[in-house]
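Colleague: I would like to learn how to read helix packing from a model. Can you take me through one case?

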Amino acid sequence: MTTTPRRMSSDTREELANAPLREILHLLFRQLDSPLTQRATSLGANPSQVLLAALEAGEAPDSVKGLAAALIALLDDNLKILRQRLSVDFAGSLAADITQLADWESTADFLSIANEKAQAEQEIVIAAALLVACGSIEYASYLIETLEADAGALDVDAVIARRMLLHVGAIDGANTDAPSQARAWLLDQSRG
């Protein structure tokens with residue numbers, strides 16, 4: 001089970017949409033500090049500095065590989081929560097009507113399930129964004145699914161997904177069809 005991340009407010013959306021990538025990565029790491037530190041003790045108390053230094057240097061040292069392993073474990077744990085608790089995959093969770101998704105008997109049950117679903121989705125998006133920043137582009141599919149489910153509303157998770165895809169895929173941010181461009185870029189990368 002994952003540790004509860006600090007929740008990002010919707011006011012963070014504007015900040016994320018315009019902030020430099022370094023600031024976005026720092027914010028994302030702050031959301032996952034505790035679960036990452038538990039999984040990657042070799043990174044020390046501040047894993048964000050490891051990735052930020054590697055990105056600035058343009059290399060992926062062994063310490064980033066340890067960070068990537070911790071992010072994969074976190075992402076997998078959250079996918080398990082969605083599968084076991086709600087019987088859906090990530091895309092299914094994003095598209096699901098929470099009132100139809102799981103059995104609940106009281107308002108407290110409903111709120112607990114909704115919170116668990118939202119937390120798992122958010123941690124998957126953040127972990128996928130950080131994995132893509134580490135060079136593991138196969139995790140970009142989670143970011144693309146987030147954008148497609150968001151359908152242009154650009155909630156905080158979608159803003160994170162969009163910014164990372166625009167950055168790594170060198171996609172024009174002015175284009176309104178960023179998900180299709182990102183899918184094409186990802187397909188290109190997997191062939192290449």
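Colleague: Start with a pair. Are α7 and α9 roughly parallel or roughly antiparallel to each other?

Modeller: The general idea comes before the case. Two packed helices are described by the angle between their axes and the distance between the axes. This is a predicted model, so keep that in mind. Here α7 and α9 pack at about 15°, and their axes are 10 Å apart. An angle under 35 degrees counts as roughly parallel, so α7 and α9 are roughly parallel to each other. Their crossing is left-handed.

Colleague: Which residues make the contact of α7 with α9?

Modeller: From α7 come Glu 121, Gln 122, Val 125, Ile 126, Ala 129, Val 132 and Ala 133. From α9 come Asp 157, Ile 160, Met 164 and Val 168. By class, that contact has eight nonpolar residues, one polar and two charged.

Colleague: Now α8 and α9. At what angle do their axes cross?

Modeller: At roughly 130°, coming within 9 Å. Helix α8 spans residues 140-150, and helix α9 spans residues 156-169. The angle makes α8 oblique to α9. This crossing is left-handed. On the α8 side, the contact uses Ala 140, Leu 143, Ile 144, Thr 146, Leu 147 and Asp 150. On the α9 side, it uses Asp 157, Ala 158, Ala 161, Arg 162, Met 164 and Leu 165. The classes in the contact of α8 with α9 are eight nonpolar, one polar and three charged.

Colleague: Which residues of α8 are buried?

Modeller: Ala 140, Tyr 142, Leu 143, Ile 144, Thr 146, Leu 147 and Asp 150.

Colleague: Step back to the whole fold. How many helices and strands does the protein chain have?

Modeller: There are 10 helices and zero strands. The chain has 192 residues, and 46% of them are buried. Sequence separation is another thing to read. Take contacts between residues at least 6 apart in sequence: 65% of them join residues at least 24 apart.

Colleague: And the core? How many residues does the largest nonpolar core have?

Modeller: It has 59 residues. Leu 71, Leu 75 and Leu 143 have the most contacts inside it. The helices that each supply at least two residues of this core are α2, α4, α6, α7, α8, α9 and α10. The largest share, 13 residues, comes from α7.

Colleague: Pick one of those leucines. What is Leu 75 in contact with, leaving aside its neighbours within four places in sequence?

Modeller: Leu 75 contacts Ile 124, Ala 127, Ala 128, Leu 131, Tyr 139 and Tyr 142.

Colleague: One last residue. Where is Gly 169 found?

Modeller: Gly 169 is in helix α9. At 14% relative accessibility, Gly 169 counts as buried. Gly 169 and Trp 185 are 16 residues apart in sequence, and 6.3 Å apart in space from C-alpha to C-alpha.

How values were computed: Residues are numbered from 1 along each chain as its sequence is written. This is a predicted model: local features need pLDDT of at least 70, side-chain atom pairs count only at pLDDT 80 or more; totals for chains, interfaces and linings use all residues. Side-chain values use heavy atoms; hydrogens and water are left out. Axes are lines fitted to C-alpha atoms, for helices over the stretch in contact, and angles run from 0 to 180 degrees between N-to-C directions. Helices (H or I, at least four residues) and strands (E, at least two) are DSSP runs, numbered from the N terminus. Angles under 35 degrees count as roughly parallel, over 145 as roughly antiparallel, 65 to 115 as roughly perpendicular and the rest as oblique. A crossing is left-handed if the near helix is turned anticlockwise from the far one by less than a right angle, and right-handed if clockwise. Contact means heavy atoms within 4.5 Å. Ala, Val, Leu, Ile, Met, Phe, Trp, Tyr, Cys and Pro count as nonpolar, Asp, Glu, Lys and Arg as charged, and the others, Gly among them, as polar. A nonpolar core is a set of buried Ala, Val, Leu, Ile, Met, Phe, Trp, Tyr and Cys residues joined through side-chain atoms within 4.5 Å. Buried means under 20% relative accessible area, exposed over 50%, partly exposed in between (1.4 Å probe, protein chains only).
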